[in-house]
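Subject: Structure handover and findings

Dear colleague,

Please find the structure below for your records. The findings follow it, grouped by topic.

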Amino acid sequence: QRLVQAGIAFVTLEYEGHGKSDGPLGLVNDWEKLVDDVAAFYQEVALKRFYGKPVFLMGESMGGAVAYSTYNRIPSVFRGVVFIAPMCKISDKMLPAQWVIDVLKWMIGPRGTTSFLGYLPIAPAKGDLKYVSHRVAEKRNLLARCPTVFARNPRLATARELIDVTQRISASLKEFNAPFLIVHGKEDLVTDPNLSQALYEESKSKDKTIHLYEGMWHALTTGEPDENIDRVFNDCIKWIVERS
C-alpha cells in the first residue's frame with residue numbers, strides 16, 4: 001500500500017510451496033527451480049505489462065536471497081534491487097552445529113534432490129522464529145494466527161537448500177554488480193546484518209546504499225512499531241524514486 005501510494009506498481013508472486021500456491025507448504029526441494037519460476041514471471045511482467053518502465057526487485061529475508069539469485073540470472077530486466085533483512089547468511093544463532101548439518105545433508109541427499117525424508121518438518125533450529133523476528137507482541141500474535149504461515153520447524157529439504165544458497169551467496173559477494181539498497185535491523189537474530197554490511201563493502205556495484213537500524217529486529221515491514229515500519233518503507237521508496 002505504501003509503494004502504490006507513492007506511484008510504484010507492486011507485483012508479487014507466491015513461490016511453489018508458499019501461500020496458496022501448489023505444493024506442500026514450506027517445501028523447497030530445489031532452489032534453482034524456484035529461481036527459474038521467479039525469473040520467468042518477472043521477465044514476462046516487465047516485457048508485457050510494464051514494457052519500458054524501470055523495474056526493481058524487492059526481497060525480504062529469504063526473498064532477499066531470491067532477489068540476489070534472480071538478478072544474477074536476468075540482470076538486464078532490472079534497474080536495481082532492494083534488500084530487506086536479506087538472507088545472505090542464516091544467523092549462527094539460528095543454526096544447529098555443523099556436524100548436525102552434515103549428517104542431515106547425507107541423509108536427504110545433495111541440493112536439488114527429492115526424498116521422503118526431505119519432506120519432514122524436523123530440521124533442528126534454535127528457538128521459535130516468531131519470537132526473534134517480530135518485535136511487537138501484537139504483530140507476533142497476528143503472525144501466529146495466519147493460516148498460510150508454516151509455523152513448524154523447517155522441512156529438511158528446505159533447510160538444506162537455504163543453507164546451501166546462503167553459503168553460495170556469502171562466497172560470491174564480490175561479484176555482485178547491481179545497483180542496490182540494503183535495509184537491516186542491527187538486532188536481527190534471524191539473518192546476519194554483518195553479511196549485509198559485507199555485501200555492501202565487497203560488491204563491485206558503483207551504486208549501493210545501506211541503512212542499519214539501531215534496535216530493530218528481523219521483520220522490518222511487519223513486526224516493528226508503526227513508526228519504524230514507516231521509516232523503512234520511506235527509505236526504500238526514496239531510493240526507488242530517485243532511480244526511476
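V183 has its place in strand β3; helices (H or I, at least four residues) and strands (E, at least two) are DSSP runs, numbered from the N terminus. This is a predicted model, in which local features need pLDDT of at least 70 and side-chain atom pairs count only at pLDDT 80 or more, while totals for chains, interfaces and linings use all residues. Residues are numbered from 1 along each chain as its sequence is written, and side-chain values use heavy atoms, with hydrogens and water left out.

With a relative accessible area of 0%, V183 is buried (buried means under 20% relative accessible area, exposed over 50%, partly exposed in between, with a 1.4 Å probe and protein chains only). Leaving aside neighbours within four places in sequence, V183 is in contact (heavy atoms within 4.5 Å) with F83, I84, A85, P86, H211, Y213, L220, V232 and C236. V183 and P193 are separated by 10 residues in sequence and by 9.1 Å in space, C-alpha to C-alpha.

H184 also lies in strand β3 and counts as buried, at 0% relative accessibility. Not counting residues up to four places away in sequence, H184 touches A85, P86, T191, D192, P193, S196, H211, L212, Y213 and L220. One of these, L220, is 36 residues from H184 in sequence, yet the C-alpha atoms of the two are 7.6 Å apart in space.

**The sheet**

The structure contains an open sheet of 4 strands in the order β1-β2-β3-β4, with parallel pairing; two strands pair if DSSP finds at least two bridges between them. Strands β1 (56-60) and β4 (208-213) stand at the edges with a single partner strand each, so one side of each is left without a neighbour in the sheet. From one strand to the next, the twist averages 10°. Axes here are lines fitted to C-alpha atoms, for helices over the stretch in contact, and angles run from 0 to 180 degrees between N-to-C directions.

Strand β2 (residues 80-84) and strand β3 (residues 180-185) run parallel and are joined by 4 bridges. Within this pairing, V82 stands opposite L181 in β3. Helix α3 (residues 62-73) packs on the sheet, where it touches β1 and β2, and its direction makes about 150° with that of β1.

**Salt bridges**

A search of the whole structure finds 15 salt bridges, each being a side-chain nitrogen of Lys or Arg within 4 Å of a carboxyl oxygen of Asp or Glu. R73 forms one with D36, and the closest N and O atoms are 2.4 Å apart. R73 lies in helix α3 and D36 in helix α2 (residues 31-49), so the pair ties together parts that are 37 residues apart in sequence. R73 is partly exposed at 34% relative accessible area, and D36 is partly exposed at 38%. Both residues belong to a network of salt bridges that links E32, D36, R73, R111, D164 and R168.

D207 forms a salt bridge with R243, with the closest N and O atoms 2.9 Å apart. This pair links distant parts of the chain, with D207 in the loop between α9 (193-202) and β4, and R243 in the segment after α10, 36 residues apart. D207 counts as partly exposed, at 25% relative accessibility. R243 also forms a salt bridge with E242, where the closest N and O atoms are 3.5 Å apart; E242 counts as exposed, at 52% relative accessibility.

W99, V103, W106, M107, F116, L117 and Y119 form a nonpolar patch on the surface, with about 840 Å² of accessible area together. Patches are made of residues with over 30% relative accessible area and no salt bridge, like charges being joined within 9 Å and nonpolar side chains (Val, Leu, Ile, Met, Phe, Trp, Tyr) within 5 Å; accessible areas come from the Shrake-Rupley method with a 1.4 Å probe, and for residues only the protein chains shown count as cover. The elements that give two or more residues to the nonpolar patch are α4 (98-108) and α5 (116-119), and α4 supplies the largest share, 4 residues. F116 lies in helix α5 and counts as exposed, at 63% relative accessibility.

N228, in helix α10 (residues 226-242), is buried, with a relative accessible area of 15%. Its contacts, leaving aside neighbours within four places in sequence, are with R135 and M216.

Yours sincerely
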